[in-house]
Amino acid sequence: MTALDLAAVEALARRAHAAQTDKAGRPYTEHLAAVAEGVRQRGGSDEQIAAAWLHDAVEDGAVSEEWLASSELPPAVKDMILAVTKRPGEPPEEYAARILATPGALLVKESDLAHNSDPERAKELDEATRVRLAAKYAKMRRLLGLHH
């Protein structure tokens with residue numbers, strides 16, 4: 001991949017996550033597409049759009065960190081993907097700090113949070129899950145300085 005081939009990145013992400021569903025039972029690729037589109041609408045670069053397609057790939061075990069490291073993706077894309085990859089037991093403050101310290105990663109996470117917080121998406125969840133996730137996303141927005 002010399003220039004960043006977004007169609008190839010999208011195809012890879014769709015293959016890697018093909019069997020997954022979200023908490024409401026929807027195909028997980030719908031979330032990836034929405035986050036990538038959100039990044040594009042927010043004026044994101046091709047690198048940021050690529051990172052959006054793969055933002056959960058390592059965290060969900062769809063690809064390994066080793067695969068990512070050896071892939072032909074640009075270093076900036078790899079950095080953004082790793083920045084938004086939550087580590088087991090990691091405090092939200094550390095997670096937010098890593099995102100803020102990584103060029104380009106904040107826009108990817110902002111788009112991810114926006115889609116995760118979409119009322120249309122949330123209405124599929126049970127009340128307890130909806131309340132818990134809303135609080136979690138609100139806290140992360142505060143830590144990232146996204147006050148809206």
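**View 1. Helix α2 packs against helix α3.** The axes of α2 (residues 28–41) and α3 (residues 46–53) sit 8 Å apart at an angle of about 160°, so α2 runs roughly antiparallel to α3 (angles over 145 degrees count as roughly antiparallel). Helices here are DSSP runs (H or I, at least four residues), and their axes are lines fitted to C-alpha atoms over the stretch in contact, with angles from 0 to 180 degrees between N-to-C directions. The α2 side of the contact (heavy atoms within 4.5 Å) includes Leu 32, Val 35 and Val 39, and the α3 side includes Ile 49 and Trp 53.

**View 2. Glu 90 pairs up with Arg 98.** Glu 90 sits in the loop between α5 (75–83) and α6 (92–101). Glu 90 counts as buried because its relative accessibility is 18% (buried means under 20% relative accessible area, with a 1.4 Å probe and protein chains only). Its side chain joins that of Arg 98 through a polar contact of 2.5 Å (a pair of N or O atoms within 3.5 Å, one able to donate a hydrogen and the other to accept it). Setting aside neighbours within four places in sequence, Glu 90 touches Thr 85, Tyr 95 and Arg 98.

**View 3. Helix α7 meets helix α9.** Axes of α7 (residues 105–116) and α9 (residues 127–144) come within 11 Å and cross at roughly 155°, which means α7 is roughly antiparallel to α9. Leu 106, Lys 109, Leu 113 and Asn 116 of α7 meet Tyr 137, Met 140, Arg 141 and Leu 144 of α9.

Numbering starts from 1 along each chain as its sequence is written, and side-chain values use heavy atoms, leaving out hydrogens and water. In this predicted model, local features need pLDDT of at least 70 and side-chain atom pairs count only at pLDDT 80 or more, while totals for chains, interfaces and linings use all residues.

Notes: Helix = DSSP H or I, 4+ residues; strand = E, 2+ residues; numbered from the N terminus. Parallel < 35°, antiparallel > 145°, perpendicular 65-115°, else oblique. Buried < 20%, exposed > 50% of the residue type's maximum accessible area, 1.4 Å probe, protein only.
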